[in-house]
Amino acid sequence: MAHHTAETIGGLHDCLQESSHADEAGDLARLSLSNRQFHRALYAPHPNALLTSMLDGLHDKSALLSIVGWQGDLTWPTEQREHEEIVAAVEQREADRARALLHAHIKRFADRLLVRLGASTSDSEPEPADRQREHGVSR
């Protein structure tokens with residue numbers, strides 16, 4: 001949060017407004033782009049260029065996943081509210097709160113997407129080999 005200025009926070013608000021317009025127009029491609037721009041506006045002010053580059057690459061690879069996730073179950077209104085809460089925490093310089101909100105936001109989206117794609121969202125760890133053998137499971 002220390003890297004955000006009044007200007008970068010204004011940019012976050014611009015992204016929120018653009019997302020609202022894209023949602024009202026029902027334009028999922030534009031919504032995906034504005035979602036990417038919002039997330040980039042959150043991390044771009046950080047001076048770690050390597051981290052920024054890595055996150056840009058991740059967003060490039062995952063942009064279409066948002067559209068896939070929204071096609072069957074448009075969760076955008078919830079995500080928009082989550083974005084607004086994150087921006088409020090950034091504005092109030094509540095770094096721990098912003099971090100927790102962002103983490104929860106990303107996890108909820110990933111969990112919904114995995115369900116949509118038919119995958120498990122279990123947080124459980126695979127059983128160690130010892131326990132697998134106890135249960136008669138072999139490799």
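Reader: Which helix gives the most to the lining of the largest pocket?
Author: Helices are DSSP runs of H or I, at least four residues long, numbered from the N terminus. Lining residues have an atom within 4 Å of a pocket point. With nine residues, the element that gives the most to the lining of the largest pocket is α5.

Reader: What kind of model is this, and how are its residues numbered?
Author: The model is predicted: local features need pLDDT of at least 70 and side-chain atom pairs pLDDT 80 or more, while totals for chains, interfaces and linings use all residues. Side-chain values use heavy atoms, without hydrogens and water, and residues are numbered along each chain as its sequence is written, from 1.

Reader: How much space lies in the largest pocket?
Author: A pocket is an open set of points on a 1 Å grid over the protein atoms alone, where a 1.4 Å probe fits and protein lies on both sides within 12 Å along at least five of seven lines. Points are joined across faces, edges and corners, and the volume is the space filled by probe spheres set on them. For the largest pocket this comes to about 850 Å³.

Reader: Which residues is leucine 42 in contact with, beyond its neighbours within four places in sequence?
Author: Leu42 is among the residues that touch the most other members of the largest nonpolar core, a set of 13. Such a core joins buried Ala, Val, Leu, Ile, Met, Phe, Trp, Tyr and Cys residues through side-chain atoms within 4.5 Å. Counting contact as heavy atoms within 4.5 Å, the partners of leucine 42 are His4, Leu12, Ile86, Val90 and Leu102.

Reader: What distance does α4 reach from its first C-alpha to its last?
Author: α4 has 16 residues. The expected span is 1.5 Å times one less than the number of residues. Close to the expected value, α4 reaches 22 Å.

Reader: Is arginine 93 buried, partly exposed or exposed?
Author: Arginine 93 is in the loop between α4 and α5, and its phi is positive, near 60 degrees. Buried means under 20% relative accessible area and exposed over 50%, with partly exposed in between (1.4 Å probe, protein chains only). Because its relative accessible area is 43%, arginine 93 is partly exposed.

Terms used
Helix = DSSP H or I, 4+ residues; strand = E, 2+ residues; numbered from the N terminus.
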